[in-house]
Amino acid sequence: MDETGLWAELAALAERAVGLSDPNPRVACRLVLPDGRAYDGHTQAAGQAHAEVMALRAAQAAGADVRGATAYVTLEPCSHHGRTPPCCDALVAAGVARVVVAAIDPNPRVSGQGVARLRAAGVAVDVLPADHPAAQATRELNIGFWQRMRHGRPWVRMKAAASLDGVTALPNGVSQWITSEAARTDGHAWRRRAGAVLTGIGTVRSDDPRLDVRLVPTVRQPLRVVLDAGLDIDPAARILQPPGQVLIYTAAADQGAEKRAALAALGVGVIDRPGPPKTAGGPPKVDLAAVLADLAAREVNELHIESGAKLNASWWRAGLVDELLLYLAPRLLGAGVGLADLGPLTRLEDGWPLTFASVQAVGPDLRVLARVPGRAPF
């Protein structure tokens, strides 16, 4: 197999770590022995084996001698003791002769040091150029990891489903379902990618969503997050029920002791992150930037937002959205609720610019992925 096909297969293998490896990056490794036999591995759950170790174990299970082998790895082997020992040491100890790396790790504890450590041990190391398709695929698959390592916050993706005329719900609030089952299933695949899925108290009240991953298989449920400035959530809300963990960010500091106790009994964390009031003399709102900082400290790489028009608008006005994931159904609905309650503009240039990253058919609908220009962390 030529290297183009090899890297394509490794990209697909790395995707198998989605919904499994967070907060660690999604990585794949292939060991190719001198006789052409190959053994693969991808990153496991945090605290378990990384891709290189999994490939070494596969070879060991087959009774193969990997001395003199070449390791193809989608991300630079780690060089530090984190939850697991350094992968570069495992490769050296196994007698691997050459390592080909698709992308250098953005983690400052690793970046370039894994390559240096391998070379110091006598292993030949090649790093693909940054514009190589395999390097680009690695960065895209791990865009949230790059964002957190380089900018100290998660990659923020806002998801919405709408008609072709931009309606996300009818005036009476009905929104289920504007898009097809295929689009909803695809949306759950994007939830699975995320370290956390976020909504607001308005959506909890109106829709009583679960916001877990149900329509696609997953090993790990993302953290579910509710922004609830007044800590008004009903402890019986479905989003507070298993599976997975739940955090509520509130601005009601030092209030609601009884509610906090009821939530704690459910295993729900309540975090105070008050910001300035929306209007002078009004109640405080949750500080969105502080929420992102706290989620980054909890090692959330990708934040997936599914909320209503008011909260969506707050994220856009704060300049904190990186990417819009929009499903468009082939129908017109007329009057209704829009994607974000941004208010009327008087100049076109005051709008929020986006660039199309991809447009793809999903069942009868379209999936549009659009990014804020210049926001990608690589």
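This briefing describes a cavity and several annotated residues in one structure. The model is predicted. It holds one cavity of 30 Å³ or more, and the largest cavity has a volume of about 50 Å³. UniProt, in an unreviewed entry, lists Ser-175, Arg-191, Thr-203, Leu-211, Arg-214 and Glu-306 under "binding site".

**The cavity**

- The lining of the largest cavity is made up of Asp-22, Pro-25, Arg-26, Leu-141, Asn-142, Gly-144, Phe-145, Arg-193, Asn-301 and Glu-302.
- Sorted by class, this lining comprises four charged, three polar and three nonpolar residues.
- The largest cavity lies between domain 1 (3-144) and domain 2 (152-371), because both domains give residues to its lining.

**Thr-203**

- Thr-203 belongs to helix H8, which spans residues 201-207.
- The relative accessibility of Thr-203 is 12%, so this residue counts as buried, the limit for buried being under 20%.
- Apart from neighbours within four places in sequence, Thr-203 has contacts with Asp-208, Pro-209, Ser-307 and Gly-308.

**Leu-211**

- Leu-211 sits in the loop between H8 and strand E8 (223-227).
- With a relative accessible area of 3%, Leu-211 is buried.
- Beyond neighbours within four places in sequence, Leu-211 is in contact with Val-197, Leu-198, Thr-199, Arg-224 and Ile-239, and also with Arg-191 and Glu-306.

Methods: Residues are numbered from 1 along each chain as its sequence is written. This is a predicted model: local features need pLDDT of at least 70, side-chain atom pairs count only at pLDDT 80 or more; totals for chains, interfaces and linings use all residues. Side-chain values use heavy atoms; hydrogens and water are left out. On a 1 Å grid over the protein atoms alone, a cavity is a set of points where a 1.4 Å probe fits but cannot get out, and a pocket is an open set with protein on both sides within 12 Å along at least five of seven lines; lining residues have an atom within 4 Å of a point. Grid points are joined across faces, edges and corners, and a volume is the space filled by probe spheres set on the points. Ala, Val, Leu, Ile, Met, Phe, Trp, Tyr, Cys and Pro count as nonpolar, Asp, Glu, Lys and Arg as charged, and the others, Gly among them, as polar. Domain bounds come from an automatic or database domain assignment. UniProt positions are given in the numbering used here, feature names are shortened, and annotations may be inferred rather than shown by experiment. Helices (H or I, at least four residues) and strands (E, at least two) are DSSP runs, numbered from the N terminus. Buried means under 20% relative accessible area, exposed over 50%, partly exposed in between (1.4 Å probe, protein chains only). Contact means heavy atoms within 4.5 Å.
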